[in-house]
Amino acid sequence: MKNDKKDIRALTKQQLQEFFVAQGDKSFRGSQVYEWLWNKGAHSFEDMTNVSKETRKMLQDNFVINHIRVDLMQRSSDGTIKNAVKLHDNLTVESVLIPTPKRTTACVSSQVGCSLDCKFCATATLKRMRNLNPDEIYDQVVAIDNESRLYFDKPLSNIVFMGMGEPLMNYNNVMKAVEKITSKDGLGMSPKRITISTSGVPKMIKKLADDEAKIKLAVSLHSAIDEIRTQIMPFNATFPLQDLKEALEYWYAKTKSRITYEYIVWEGINDQPKDAEALVRFCKYVPCKVNLIEYNPIDDGQFQQASSQATHMYEKMLEQNGITVTVRRSRGKDIDAACGQLANKSS
Ligand code: SF4
């Protein structure tokens, strides 16, 4: 049977207050229920013990609380945790907790499947089924924050939108989730600890700058040569590097926030000096740093990690040009939790 009741957590505090006023109650009741939903994480109206029985019944008749459920939690030998998260409509997304001595980072999903079709990415095989709601994104973060406290004795310190989906293709919901994560009603985290990682949607990067989002921006670049980038990230044919460059210049002019380029070097694809030279040229447009990421092969085996000499050649060339570069070892490979491996194999 189709459930037509609205998810109560889709309402803002003000909308909830207005709902109660429209019911002839006090707006204060809205604040009380809001606190149950967000500060106390109530999963049922029955949990709201300081709200009268009649009010709980009225809420039950009008709304549902669509909480996510961690269906399966896997732990990697390196400490990484992957959650398979069941949504209210039985779809599944994945999120990952990456612990290091200094920080614990949540890598969260923004869509079920993905709108884009990067050839090296396991999520791309799923196609986009739907966008996640703000509360579904927020709940992933809360679940990981709880795991961070339980297993590593510290709260979550950072969040990256680098799980399943292209976050800028679900802009409004991602930004609402960020608002909740950073607000006092939510987790109260600094936006500076949140990174949105995009494959590079120029129009939305500009919007992010216009909206004065205080978050950090990362771009999955992988090639600074249009022909090659289009081969591995076909949407580059619609949004070529020139458009991306302009959007990033716009972002930097407005935010003064340095950009991170995520970059994987693959054998026979982008492992030649001309590829590294093109990256160096691209890096000169706006202040940036480069993360060279180790690749995790997905099953079809078309893409292979380049030799360590090729990675070293990139590192050397970037450093010689004064560009900060970090080589990132992959985490959670044994549980398919590494970058580009999220594809619901655990479900
Ligand atoms: S790399 Fe990111 S944007 Fe590209 S298909 Fe995978 S999830 Fe989507």
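## Contacts, patches and salt bridges in a predicted model

Once neighbours within four places in sequence are set aside, Leu168 is in contact with Ile196, Thr198, Val201, Met204, Ile205 and Leu208, where contact means heavy atoms within 4.5 Å. This is a predicted model, in which local features need pLDDT of at least 70 and side-chain atom pairs count only at pLDDT 80 or more, while totals for chains, interfaces and linings use all residues. Residues are numbered from 1 along each chain as its sequence is written, and side-chain values use heavy atoms, with hydrogens and water left out.

Leu168 sits in the loop between strand S9 (158-161) and helix H5 (171-182); helices (H or I, at least four residues) and strands (E, at least two) are DSSP runs, numbered from the N terminus. With 3% relative accessibility, Leu168 counts as buried. Here buried means under 20% relative accessible area, exposed over 50%, and partly exposed in between (1.4 Å probe, protein chains only).

Another buried residue to look at is Asp135, at a relative accessible area of 2%. Asp135 belongs to helix H4 (residues 134-152), and, leaving aside neighbours within four places in sequence, is in contact with Asp7, Arg9, Trp38 and Asn66.

Now to the charge pairs. A search of the whole structure finds 17 salt bridges, each a side-chain nitrogen of Lys or Arg within 4 Å of a carboxyl oxygen of Asp or Glu. Three of them are set out here.

| Pair | N to O distance | Relative accessible area |
|---|---|---|
| Arg69 and Asp71 | 2.9 Å | Arg69 48%, Asp71 40% |
| Arg130 and Asp89 | 2.7 Å | Arg130 16%, Asp89 33% |
| Glu249 and Lys245 | 3.4 Å | Glu249 29%, Lys245 17% |

Arg130 and Asp89 meet in a salt bridge. This pair links distant parts of the chain, with Arg130 in strand S8 (residues 130-131) and Asp89 in the loop between S4 and S5, 41 residues apart. Glu249 and Lys245 are separated by about one helical turn because they are 4 residues apart in helix H8 (residues 241-255).

Patches are made of residues with over 30% relative accessible area and no salt bridge, joining like charges within 9 Å and nonpolar side chains (Val, Leu, Ile, Met, Phe, Trp, Tyr) within 5 Å. A positive one is formed by Lys102, Arg103, Lys192, Arg193, Lys214, Lys216, Arg258 and Arg328. Lys and Arg count as positive and Asp and Glu as negative, without His and the chain ends, and the place of a charge is NZ of Lys, CZ of Arg, CG of Asp or CD of Glu. Lys102 is exposed at 82% relative accessibility.

A nonpolar patch consists of Val70, Met73, Leu150 and Tyr151, with about 340 Å² of accessible area together, from the Shrake-Rupley method with a 1.4 Å probe. Strand S3 (69-75) and H4 each supply at least two of its residues. Met73, in S3, is partly exposed at 31%.

Finally, a backbone detail. Most residues other than glycine have a negative phi. Asn90, however, has a positive phi of about 75°, and Glu212 has one near 55°. Asn90 is exposed at 57% relative accessibility, and Glu212 is exposed at 56%.
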